[in-house]
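Subject: Structure handover

Hello,

I am passing this structure on to you. Please open it first, then read the notes below.

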Amino acid sequence: MKAIGRVLCATGIVAGLIAFFWKDPFIPENLSGARVLLTGASAGIGEQMAYHYARFGAEIVLTARREAVLQKVMEKCLTLGAKKIFYIPADMSSPSEPEKVVQFAVQKLGGLDYLVLNHIGMTHFQMWTGDVEYTRWLMQVNFFSYVALTTAALPTLEKNRGSLVIVSSLTASFLAVSILSFPGKIPTPFTTSYSATKFALDGFFSSLRHELIMQKRNVSVTLCILGLIDTDTALQNTRGKVHISASPAPEAALAIIRGGATRVQEVFYPWWLQQVCCLWVLFPTNRGQVLRSYYNYSSP
Ligand SMILES: NC(=O)c1ccc[n+]([C@@H]2O[C@H](COP(=O)([O-])OP(=O)(O)OC[C@H]3O[C@@H](n4cnc5c(N)ncnc54)[C@H](OP(=O)(O)O)[C@@H]3O)[C@@H](O)[C@H]2O)c1
């Protein structure tokens, strides 16, 4: 009993010391005047990120397809404190749009500190139907446009020691468990094409991060791995199909912004997703069956 008491006491002291000396590396003031290009900014998590950046006093270029909605988000951002704000409507299924959008942002803001890649094309939350054309289209919107936007923005990001922030999903998270040096991944049902695009992002940007470090180019790459978030489209897509509760979009948006600003390699939101990934890797038996039990499907 005495030994347990001592261990508890020591743990308490260590926890107290950590809490006392730990400094939050996120300094919101550093985002004042930061120049941000934000994609998928008209709705959902992107819209919430726009409002956070505005509150922090950033200079922002918003992009998505719907001009009238972008206009409304822009007006709200102005009331919240954005230093400068512009928008440019663009459809990322068109290969010429990414470069045009980056050029517009650089011209309006005089350079970029953050490129936040967040948009996604319409996602079907259903069994694979064999629609190869749709997968090709989604690859263009969710993956190739990210690569093209990054390529166009890298020179200005490098000049400004900037940051690339990529919004991904648990359906495509790889977790390197260093002791086992074993990659983990959690593919989920009903998301074949979407998962493929997100796996592609993980592969491309994790490799690019290595290369930027090897070339001593000071651009950070933050990959954000999100669970189910309560955006209108996600709730609509998953209604009646999953037994998973959704986390709030404004909090997810803030976690992404913090991750980018502190230049961490990965953000997990909600935080416990990282533990889920660890369990997935460490307990391979029956994990697929457990995962499928969260999804509703009755064969026709
Ligand atoms: N919500 C979740 O549960 C969840 C979970 C994991 C990861 N994520 C990730 O979080 C990010 C945001 O998700 P969300 O739920 O906020 O999505 P959302 O609410 O559906 O918003 C998608 C955004 O992308 C834009 N967009 C759609 N098609 C486009 C196109 N062809 N070209 C350019 N922009 C386009 C939309 O605006 P327009 O319609 O005006 O173009 C909108 O601003 C995504 O990367 C997603 O994979 C979300």
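Here is what was found, starting with the ground rules.

This is a predicted model: local features need pLDDT of at least 70, side-chain atom pairs count only at pLDDT 80 or more, and totals for chains, interfaces and linings use all residues. Residues are numbered from 1 along each chain as its sequence is written. Helices (H or I, at least four residues) and strands (E, at least two) are DSSP runs, numbered from the N terminus.

**The ligand shell**

The shell around the ligand holds 27 residues. The closest are Gly40, Gly44, Arg65, Arg66 and Ala234. The elements that give two or more residues are α2 (44–55), β5 and α7 (232–238). The largest share, three residues, comes from α2. By class, 13 residues of the shell are nonpolar, 11 polar and three charged. Ala, Val, Leu, Ile, Met, Phe, Trp, Tyr, Cys and Pro count as nonpolar, Asp, Glu, Lys and Arg as charged, and the others, Gly among them, as polar.

**Helix α2**

α2 has 12 residues and reaches 17 Å from its first C-alpha to its last. That is close to the expected 16 Å (1.5 Å times one less than its number of residues). Nine of its 12 residues are buried (20 or more other C-beta atoms within 10 Å of a residue's own; exposed means 12 or fewer, partly exposed in between; C-beta atoms are placed from the backbone). Among them are Gly44, Glu47, Ala50 and Tyr53. Gly57 follows α2, and its phi is positive, near 80°.

**The nonpolar core**

A nonpolar core is a set of buried Ala, Val, Leu, Ile, Met, Phe, Trp, Tyr and Cys residues joined through C-beta atoms within 7 Å. The largest has 66 residues, and Tyr53 and Ile60 touch the most other members. Helix α8 (residues 249–261) gives the most to this core, with six residues. Which residues is Ile60 in contact with, leaving aside its neighbours within four places in sequence? They are Val36, Leu38, Ala50, Tyr53, Ala54, Cys77, Ala82 and Ile85. Contact means C-beta atoms, placed from the backbone, within 7 Å.

**Helix α5**

α5 (residues 132–159) has 28 residues. Buried residues of α5 include Leu138, Tyr146, Leu149 and Ala153. Their cover includes β1 (35–39), α4 (97–109), β4 (114–117), β5 (163–169) and α6 (192–214). Arg161 follows α5, with a positive phi near 50°.

Most residues other than glycine have a negative phi, and most peptide bonds are trans. A cis peptide bond joins Tyr269 and Pro270, with omega about -10°. Pro270 sits in the loop between β9 (266–269) and α9 (273–282).

Lys216 has a positive phi, near 55°. Its place is the loop between α6 and β8 (220–226). Lys216 counts as exposed because it has 6 C-beta neighbours inside 10 Å.

Asn286 has a positive phi too, near 65°. Asn286 lies in the loop between α9 and α10 (287–292). With 8 other C-beta atoms within 10 Å, Asn286 is exposed.

Best wishes

Methods: Contact = placed C-beta atoms within 7 Å. Near = placed C-beta within 6 Å.
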